[in-house]
Protein chains: 2
Amino acid sequence: MTTIQVTTAAKSYAVTIEAGLLARVGTALAQVWTPCQVAVITDTNVGPLYAQQVRDRLIAAGFRVTVLTVPAGESSKSWPQVMRLIDALSAAHLTRSDGVLALGGGVVGDLAGFVAAIYLRGIAFAQVPTSLLAQVDSSVGGKTAIDLPTGKNLVGSFYQPDVVLIDPHTLTTLPPRMLVEGYGEIVKCAALVGGDFWALVQQVTQPAAILAQAAPLIHQSIAFKARVVMADEKEGGQRQLLNFGHTLGHAVELWGHGRYMHGEAVAIGLVQVARLFAAQGMMPAALADQLRDRLTAVGLPVALPADLTVTALLAAMQHDKKIHGQALTWVYLTAIGQPAMHAVPLTDLATWIAPVTGPLQP
Amino acid sequence: MTTIQVTTAAKSYAVTIEAGLLARVGTALAQVWTPCQVAVITDTNVGPLYAQQVRDRLIAAGFRVTVLTVPAGESSKSWPQVMRLIDALSAAHLTRSDGVLALGGGVVGDLAGFVAAIYLRGIAFAQVPTSLLAQVDSSVGGKTAIDLPTGKNLVGSFYQPDVVLIDPHTLTTLPPRMLVEGYGEIVKCAALVGGDFWALVQQVTQPAAILAQAAPLIHQSIAFKARVVMADEKEGGQRQLLNFGHTLGHAVELWGHGRYMHGEAVAIGLVQVARLFAAQGMMPAALADQLRDRLTAVGLPVALPADLTVTALLAAMQHDKKIHGQALTWVYLTAIGQPAMHAVPLTDLATWIAPVTGPLQP
């Protein structure tokens with residue numbers, strides 16, 4: 001078992017990583033919450049695998065439990081699901097002394113966190129992430145959100161959990177594609193950190209290695225993210241570094257309407273942004289190749305889709321939350337472990353991305 | 001001009017009270033915001049009176065302005081209005097560098113504040129309250145919310161504004177009934193504070209005196225609320241004192257479906273809770289009479305409606321946010337200026353309120 005403490009202005013909480021942790025989720029939660037009513041929010045993929053076990057363990061520890069299940073997939077990060085869950089919390093008479101537990105991947109965590117943040121102006125919240133992406137990224141840091149038709153995560157709040165309980169055993173039931181997409185975010189973190197973390201991902205030369213090295217990969221990713229979040233909870237400065245690869249990545253993901261998983265789109269974004277900055281002479285060209293090699297080793301995509309048009313890509317970037325005033329801030333690397341930021345005026349965007357979008361249709 | 005500084009963990013902001021402040025709203029806002037796009041959210045009552053003036057003054061000060069109008073009335077604190085406003089902010093391409101300005105009463109402030117809190121996980125927010133209730137109460141303290149069918153303010157967030165600009169001149173265009181209902185909250189504050197503040201409300205012996213004494217009444221109310229909010233931003237302790245009169249008041253308001261305005265329901269709640277605690281021997285009976293005299297002097301109601309049943313009242317109290325675990329916390333006074341709190345188990349509630357609900361149908 002390893003524990004990482006995350007301390008923000010809003011609260012201080014522990015992230016515990018332990019193989020088999022789900023079997024003692026009740027006692028683990030009882031260390032931070034007094035017995036109360038818990039709404040376990042899960043989805044149609046994860047619920048059948050783990051909801052019964054979590055429910056039984058919570059009841060054994062003295063909690064009252066209501067399980068609420070949403071359809072699996074990004075489309076559940078929506079107003080209708082928020083309203084349905086809020087109504088369910090109200091119908092179950094949850095009070096400010098009760099809590100919401102997210103049991104699932106990033107979609108469940110983002111949605112359940114937002115619901116916990118706004119029900120009665122905020123009730124207690126715990127994260128039990130079961131996908132690699134959620135374990136290394138979205139469960140830590142307090143970002144909650146739903147999507148709008150115009151873009152991902154455009155509605156939400158910063159709302160920290162009281163505890164994050166990570167059981168790497170849950171990765172064994174994850175479909176291979178989801179395991180691999182989570183690894184895309186790990187490569188991003190390792191490239192930003194460098195050192196031992198980058199050395200660790202260099203040893204991942206095939207998908208099976210992700211599972212074999214899951215615990216140290218998760219630990220390194222969260223330790224990094226915790227440092228960044230502690231320095232900048234609300235994304236005013238340093239936290240923007242976590243957007244490395246996300247500017248193009250989010251746009252490709254939005255455009256694809258489900259064709260690419262988040263980590264897959266980020267993989268494309270990482271390599272393409274490296275090529276962009278290499279074309280500007282601001283980043284060594286070899287870095288783009290290093291990133292490509294790490295990502296393709298596990299089968300992640302790195303090329304912009306051939307049927308994506310420049311017009312569609314630019315349209316998808318218009319609602320990026322990273323736009324401040326009339327400029328879009330990009331994250332790049334001067335070397336592995338050496339991130340930097342560069343703002344591009346929106347009026348220059350088409351020209352700016354031309355080095356990688358050149359082969360695409362207008 | 002008087003200014004009260006409110007400092008919470010989240011931010012520090014000024015509340016400025018100045019007759020005629022609306023005429024210089026642009027320069028006042030420019031002292032806290034750099035030029036950006038401002039979405040002015042107002043309603044069908046206030047918009048026609050003041051939106052054009054505010055828009056012109058903001059543009060003169062260098063802001064770009066979009067005016068968004070919702071139907072006047074509590075029914076706008078709803079999911080459909082939240083979604084419509086969020087879509088409008090997205091369509092206008094508001095970014096994290098832009099802001100929302102609430103121009104109106106409590107409904108507009110609560111709704112606009114919630115929208116500002118969740119759009120892009122929170123953008124800048126300013127309050128320009130135009131009703132007495134909003135000026136003395138809801139514009140300060142950071143509570144934002146919408147209603148559910150099961151109760152008022154059951155969804156929302158704690159989200160502090162960057163500035164609150166109060167122009168008592170706007171009260172001259174307020175319908176008399178709305179001026180009087182705002183005074184209900186002032187009596188609540190004065191009873192909690194005592195001293196000079198209570199002496200001031202004792203001079204209000206007719207509705208016209210509210211307007212004549214508006215500036216000092218607003219100042220005293222906000223100064224008190226600011227002290228409470230600074231001590232307890234998230235309503236964990238002292239802030240609960242502000243719920244004096246609200247436990248029965250909220251229930252009567254919810255039951256009435258618009259028959260009573262908020263301040264009217266609070267007036268009923270203040271006198272009835274005083275009678276309840278007097279019946280328990282926990283509060284001098286004379287205090288209930290003193291509260292009744294101050295409220296009836298301006299025409300506020302103080303009696304429970306004759307057609308309210310005990311069953312309906314208890315049902316309306318079931319979704320009170322002040323329920324923690326299985327108990328409901330009530331605020332009472334041991335003397336003017338001496339508040340206290342008392343928790344009643346939900347199972348005892350029917351018996352507890354019997355002294356005042358006795359005359360009602362079951």
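Which residues of α10(A) are buried? Buried here means under 20% relative accessible area, with a 1.4 Å probe and protein chains only. They are A:His246, A:Thr247, A:Leu248, A:Gly249, A:His250, A:Ala251, A:Val252, A:Glu253, A:Trp255 and A:Gly256. So what sits on top of them? The cover includes β8, α6, α11, α13 and β11 of chain A. Helices here are DSSP runs of H or I with at least four residues, and strands are E runs of at least two, numbered from the N terminus.

A quick word on the ground rules: this is a predicted model, where local features need pLDDT of at least 70 and side-chain atom pairs count only at pLDDT 80 or more, while totals for chains, interfaces and linings use all residues. Residues are numbered from 1 along each chain, chains are lettered from A, and side-chain values use heavy atoms, without hydrogens or water.

Now step back to the whole chain. In chain A, 33 residues of domain 1 are in contact with 29 of domain 2, contact meaning heavy atoms within 4.5 Å. On the domain 1 side, α5(A) gives the most, with six residues.

Finally, the two chains. Chain A can be laid on chain B by a turn of 180 degrees and a shift of 0.0 Å along the axis, with an RMSD of 0.0 Å, using least squares on C-alpha atoms of residues with pLDDT of at least 70 in both. That's the relation of a two-fold axis.

Terms used: Buried means under 20% relative accessible area, exposed over 50%, partly exposed in between (1.4 Å probe, protein chains only).
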